[in-house]
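This report goes through a single protein chain, from its overall make-up to individual side-chain pairs. The sequence and the model come first.

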Amino acid sequence: GLMNDKTIPSLIQHVLDDTAPAPTRRFIHRYLLIPPPPSVAQAMSCVVRTLIDEKNAISLPPLTVPSLGKILMLIRAGQAGANVYGELLQGLDTTIYVLDILHNCDENDKGSQSFVNALLYLCEHESGLPAKRECLLERCREAVDSIEAVISSSYHVEGDYGSVETS
């Protein structure tokens, strides 16, 4: 159909370069096909503005989002290896880091507060579940503790996002 018409340039290719991860492409594709409600679009706009603003940009650690369906299947089948749990730990660490931005930022730092609140609003919209900062932090930390009780901490990148901790 129309989406495969080679004479119409792809907006996704215009917005994202060829190295953009597939989940990012799918996310943008879905948002273009089914535009979100205005409040969600405003939250997304706030996140994007903050990330591209060179003066006030928030430095975020890398985050790769693993396929949660695949991970759940492996865990339920008892076949998830340490690398799967390591991926989860990295995602949880980044989530905790982002949620802590709001807690650690100056009360006058409205940009960081708006950024984290916009992310939480997007999480609520995407998941259909309430995304309250304290509750999410607590659940992330519980998950980290549970995973660390099973795998070596060498799979856990804590604080230093440039290298893997080997203890």
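## Burial and overall make-up

A residue is called buried when its relative accessible area is under 20%, exposed when it is over 50%, and partly exposed in between, using a 1.4 Å probe and protein chains only. On that scale, 29% of the 167 residues of the chain count as buried. The structure is a predicted model, in which local features need pLDDT of at least 70 and side-chain atom pairs count only at pLDDT 80 or more, while totals for chains, interfaces and linings use all residues. Residues are numbered from 1 along each chain as its sequence is written, and side-chain values use heavy atoms, with hydrogens and water left out.

The chain has 7 helices and 0 strands, taken as DSSP runs numbered from the N terminus (H or I of at least four residues for helices, E of at least two for strands). The order of elements from the N terminus is therefore α-α-α-α-α-α-α. The accessible surface of the chain is about 11,600 Å², and carbon and sulfur atoms hold 57% of this surface; the areas come from the Shrake-Rupley method with a 1.4 Å probe, and for residues only the protein chains shown count as cover. A contact requires heavy atoms within 4.5 Å. Of the contacts between residues at least 6 apart in sequence, 58% join residues at least 24 apart.

## Nonpolar core

A nonpolar core is a set of buried Ala, Val, Leu, Ile, Met, Phe, Trp, Tyr and Cys residues joined through side-chain atoms within 4.5 Å. The largest such core contains 28 residues, and Tyr85, Leu122 and Ile147 have the most contacts inside it. Two or more residues each are given to this core by α3 (38–52), α4 (68–76), α5, α6 (110–127) and α7 (133–148). Helix α5 supplies the largest share, 8 residues.

Leaving out residues up to four places away in sequence, leucine 122 touches Tyr31, Val40, Ala43, Met44 and Val47.

Isoleucine 96 lies in helix α5 (residues 82–104) and counts as buried because its relative accessibility is 13%. Beyond residues up to four places away in sequence, isoleucine 96 touches Leu137, Cys140, Arg141 and Val144.

With 17% relative accessibility, aspartate 100 counts as buried. Its contacts, apart from neighbours within four places in sequence, are Arg133, Leu137 and Arg141.

## Salt bridges

A salt bridge is a side-chain nitrogen of Lys or Arg within 4 Å of a carboxyl oxygen of Asp or Glu. This rule gives 5 salt bridges. One of them joins the side chains of aspartate 100 and arginine 133 at 3.4 Å, N to O. This pair links distant parts of the chain, with aspartate 100 in helix α5 and arginine 133 in helix α7, 33 residues apart. Arginine 133 counts as buried because its relative accessibility is 11%. Arginine 133 also forms a salt bridge with glutamate 134, whose closest N and O atoms are 2.2 Å apart. Asp100, Arg133, Glu134 and Arg141 are linked in a salt-bridge network.

Glutamate 124 and lysine 132 meet through their side chains in a salt bridge of 3.0 Å, N to O. Glutamate 124 is partly exposed at 24% relative accessible area, whereas lysine 132 is exposed at 51% relative accessibility.
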